[in-house]
Every structure is written in structure tokens, then in C-alpha cells.
Amino acid sequence: MAVPIAYYLVLSAILFSIGVAAFLIKRNIITVFMSIELMLNAVNLTFVAFAHQWHQLSGQIFVFFVMVVAAAEAAVGLAIIIAVFRTRNTLNVDSVDLMKL
Amino acid sequence: MYLLLFFIFGGICVAGALNLVRQSHPINSALSLIVVMSSLAVLYLLLGAEFLAAAQVIVYSGAIMVLFTFVIMLLNAGQEERTHGSRAAYFAGIPGVAVLVCLLSFVFLSQKSHLSSARIGDYLVTVSDLSEVLFRDLLLPFEVTSVLILVAILGAVALARREN
């Protein structure tokens, strides 16, 4: 029994939308950052599905580079979160609304 | 069989993502995100991307999420404060997201006849196929990403260092 590629695309759309909703609802800065990772993963699933559809390697190469950039982004982003927590003692995004203390 | 596997792991993905939204403690959200990423690795395997499935488990659920849980424990992040942030997020954002998923699903399902379908093993990308492209045609971008990672490491150390 074969699975249509469209099902994978729908699953990826659902995951991306849940990521957008979590980005809007959540108030903890770490959870907001995690919802960005969820959106990146949903996009990766689309790339792999289309790589299978057109039998092209480029889609999978793209996913590889997205993973590399996501790892770099996670390292820098979490360092920024630690710096924000040190200066403000809060993780709530609503309290981090000034550029300068 | 293949359809069953897809629905089981797709269902785990969506359930984990919904649990991420529902939980108020960040460590619970992080653990459900690990579930989402691991079942996505199985979906990659079903699509014939064996290297990416391994990389997903090692890089995403292994490295990135360990970094997240480490930071959550380091900062002693507790229960999320329920401040009512922007009202626009609730009244325009949530219906907008629902419209987005309905629109995308409608477009994909109406184009279903133009898209092919996937079976186990009908298009398997091996590591040697992938490395042939990565290390020959795309050697320069590959080397540039190593510089990017170096810059990211230096930036993370510089940002997180305690100032005297």
C-alpha cells in the first residue's frame, strides 16, 4: 500500500501551523525558540517529500544544510537567552521589551 | 502496512506537537519536541532518506534538544507565567493559523493526482549518492558552513561568558 506524497505535505502543513500557533501562544522564551525548531522540522519534511517526488538529491542536500544552520542557530540563540536571563532575571517574553535596561 | 506506519508515526508527530503547545512547563515541551523529531526520523526513513534519518536523530534529538534541556535546567525555568500578551495574537493569529492549515491541505489534496506516491525502497538515497554531490559539486558551500559553525561557537562563548 503506497502513501501519496500529498499526505506527507499535509502532515508538514499541520506541524508548521502548530509551530506558528505555539510561537504566538507561548510566553516562555525557551518554548518560543522550540516552536521555531518545530517549524524548521516541518519545512524539512516538505523538502524530503519533494526530493522523493522528483527523484532529486538537491532536496536532501537542502535539509542537510538546514540542519547545520539550525544547530548553529540553536547554540547562538540559547547563549542569547542565557545572557537575557542574567541581566533581567526573567524568561517571560512580555518583560523583555526594552533594548536597554 | 506502509500506510499504517505512516499514520502511526504521523499521529505521534502531531500528538507530540500538540502536547508542546499544551504543557506549561518548558521541560515537558522539550521532551515532547524530542518525540516529534524522533518520529520525523522514521518518516524520513519511509521516504528513503536513510542518511537524513540518522542525522535527524543525532543532530536534532541528540545535540540540539540536549542543549535545550541543559539550558532549561541551568536557568531553573519553572512554570510558565500566564501573562496575557498581545490580544491580536489570539483574535487574529489563531484563526489565521486554522485558515492556513485548511488552505494548504486543500491545495495539496486537490493536487493529489499530479503527485506520485511513495513505497518502501522505491527510491533509496544512500550515503555514497549524497556524499558524491556534497563533496564534489557543493564542496565550497560545505566548507563555508564549517566557517559558519566556527563563528557560531565563538559567538556562543562570547555571549554566554560571565563578565567581570
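In the predicted model, 73 residues of chain B are in contact (C-beta atoms, placed from the backbone, within 7 Å) with 58 residues of chain A. On the side of chain B that touches chain A, two or more residues each are contributed by helices H1 (2-22), H2 (26-46), H3 (50-74), H4 (87-110), H5 (127-137) and H6 (139-160) and by strand S1 (117-118). Helices (H or I, at least four residues) and strands (E, at least two) are DSSP runs, numbered from the N terminus. This side of chain B comprises 55 nonpolar, 12 polar and six charged residues, where Ala, Val, Leu, Ile, Met, Phe, Trp, Tyr, Cys and Pro count as nonpolar, Asp, Glu, Lys and Arg as charged, and the others, Gly among them, as polar.

Strand S1 (residues 3-4) of chain A runs antiparallel to S1(B) and is joined to it by two bridges; pairing requires that DSSP find at least two bridges between the strands. A:Pro4 has B:Ser117 as its bridge partner in S1(B).

In the largest nonpolar core, A:Ile30, A:Leu38 and A:Val48 touch the most other members of a total of 67 residues. Such a core is a set of buried Ala, Val, Leu, Ile, Met, Phe, Trp, Tyr and Cys residues joined through C-beta atoms within 7 Å, buried denoting 20 or more other C-beta atoms within 10 Å of a residue's own. H1(A) supplies the largest share of this core, 16 residues. Beyond its neighbours within four places in sequence, A:Leu38 contacts residues including A:Leu15, A:Ile18, B:Leu33 and B:Val36.

Residues are numbered from 1 along each chain as its sequence is written, and chains are lettered from A and ligands numbered from 1 in the order in which they are written. Local features need pLDDT of at least 70, side-chain atom pairs count only at pLDDT 80 or more, and totals for chains, interfaces and linings use all residues.

Technical notes
Contact = placed C-beta atoms within 7 Å. Buried ≥ 20, exposed ≤ 12 C-beta atoms within 10 Å, placed from the backbone.
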